[in-house]
Amino acid sequence: MEANPPHDHEDQEEYILLDLDGVSGLIDLPPNAKYVLTGLDTLNPVLIIDDKFKLIGEYEETIGTCIAFTEQDTPVVHEETGPSEVNLFSGTRVIDSSQPPTKQVRPVCQLHKVLKFKISPDSEIQSATAKKAK
């Protein structure tokens, strides 16, 4: 009898959604901001954005199936059909440049955890709001 090899869970990829909704109204996040994410293997990972904002994360398990999707522009394509006597390009695909591209959505991964962030008490944004209150 042949034994099944042990499952090595270290090689499996795990995807985590970084949820910044809790801080999006409090700080202005430029789309190309530098960031450092540390402590993913701890209970409270730390996200530092543009060397200014320190955010503390907390994991939440997803309920049910949570799937992340990606969206891409796709040109509208028509396939030429019809009898070969009439249509010399039967079976050929033609891109319709008069039509705006459509969006194609496809799944990227399944998520098991969401990492929600809040502003750390020692973050620059907390200091700025405390000074305004005085």
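This report walks through the salt bridges in a predicted model.

## The count

Searching the whole structure turns up three salt bridges. Here they are, pair by pair.

## Glu-14 and Lys-113

Glu-14 pairs up with Lys-113, and their closest N and O atoms sit 3.8 Å apart.

As for solvent, Lys-113 has 24% relative accessibility, so it counts as partly exposed.

## Asp-19 and Lys-116

Next up, the side chains of Asp-19 and Lys-116 form a salt bridge, with an N to O distance of 3.4 Å. Asp-19 is in strand S1 and Lys-116 in strand S7, so to speak two distant parts of the chain, 97 residues apart.

Is Asp-19 buried or exposed? Its relative accessibility is 15%, so Asp-19 counts as buried.

## Asp-51 and Lys-34

The remaining pair is Asp-51 with Lys-34, whose side chains meet at 3.3 Å, N to O. Both residues are in loops: Asp-51 in the one between strand S3 (46-49) and strand S4 (53-74), Lys-34 in the one between S1 and strand S2 (35-38). The two are 17 residues apart.

Asp-51 is exposed at 60% relative accessibility, and Lys-34 is exposed too, with a relative accessible area of 54%.

Notes
Residues are numbered from 1 along each chain as its sequence is written. This is a predicted model: local features need pLDDT of at least 70, side-chain atom pairs count only at pLDDT 80 or more; totals for chains, interfaces and linings use all residues. Side-chain values use heavy atoms; hydrogens and water are left out. A salt bridge is a side-chain nitrogen of Lys or Arg within 4 Å of a carboxyl oxygen of Asp or Glu. Buried means under 20% relative accessible area, exposed over 50%, partly exposed in between (1.4 Å probe, protein chains only). Helices (H or I, at least four residues) and strands (E, at least two) are DSSP runs, numbered from the N terminus.
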